[in-house]
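Please go through the model shown here with a few questions and answers on its packing, surface and charge pairs.

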Amino acid sequence: MKQNISTPALPLIGGLVLGSIAAAWVMQDTLQTLVMALQADGKAFWHLARASGLAAYAVLSLSMIFGLSIASRAAENAAAMLSLHRFSALLGLGLGLLHGALLLGDAYLQPSVAQLLIPFAVPHRLWLWIGLGQVAFYALLPIAVAFYLRRPLGSSAWRWLHYTVFTAYLMATLHGLFAGSDTLTLPALTVYVLCNSAVIGLVVYRIIEALSLR
């Protein structure tokens with residue numbers, strides 16, 4: 001028996017964006033004071049950006065895990081998995097957007113808004129790995145929108161669009177590994193090892209499961 005899942009995510013996201021803009025306008029003096037305090041510590045924005053980047057990667061990995069688990073024979077509640085898959089994907093994109101916005105305050109990188117929006121435009125020796133992260137973000141956006149356009153797109157187009165998430169996830173992984181200065185630290189390594197082990201393990205399991213059904 002199929003369960004219909006009604007999630008007013010897009011109106012909620014729109015409300016959050018408009019509410020955030022309104023709050024920023026009302027509290028602009030407080031925000032300016034906060035930014036000045038953060039800028040006093042030369043690495044504050046970098047630490048915040050890196051933390052939000054790792055959080056975005058972890059949450060997007062969870063979305064991958066939930067998505068890979070939905071159609072598995074071992075899944076007990078596909079409807080709940082689908083809801084978690086959608087929510088974690090949107091949350092991961094939000095954290096990814098925050099990650100990029102925080103880099104605007106980084107005293108070392110000092111990117112412009114245009115450089116953050118245009119892939120591979122940041123003038124840095126790690127431009128390739130930074131650019132892969134930007135491309136990964138843009139690649140994930142239409143996949144997230146496709147959650148709510150599955151019927152107009154059709155199952156075949158939706159499925160093939162969804163497969164591109166693996167390429168985007170790989171680019172996000174390379175971005176995190178090679179653009180982050182703290183990649184070899186224990187917290188960062190723990191995030192990458194756990195996330196990739198879970199995702200790769202589920203991919204292998206799904207392949208074995210699919211082959212066994214033939």
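**Helix packing, surface and salt bridges**

Pro142, Ile143 and Ala146 in helix 6 meet Trp158, Leu161 and His162 in helix 8, contact meaning heavy atoms within 4.5 Å. This is a predicted model, where local features need pLDDT of at least 70, side-chain atom pairs count only at pLDDT 80 or more, and totals for chains, interfaces and linings use all residues. Residues are numbered from 1 along each chain as its sequence is written, and side-chain values use heavy atoms, with hydrogens and water left out.

Q: Which residue forms a salt bridge with Asp182?
A: A salt bridge is a side-chain nitrogen of Lys or Arg within 4 Å of a carboxyl oxygen of Asp or Glu, and the structure holds two. Asp182 lies in the loop between helix 9 and helix 10, and its partner, 132 residues apart from it, is in helix 3; helices are DSSP runs (H or I, at least four residues), numbered from the N terminus. With the closest N and O atoms 2.4 Å apart, the partner of Asp182 is Arg50.

Definitions and conventions
Helices (H or I, at least four residues) and strands (E, at least two) are DSSP runs, numbered from the N terminus.
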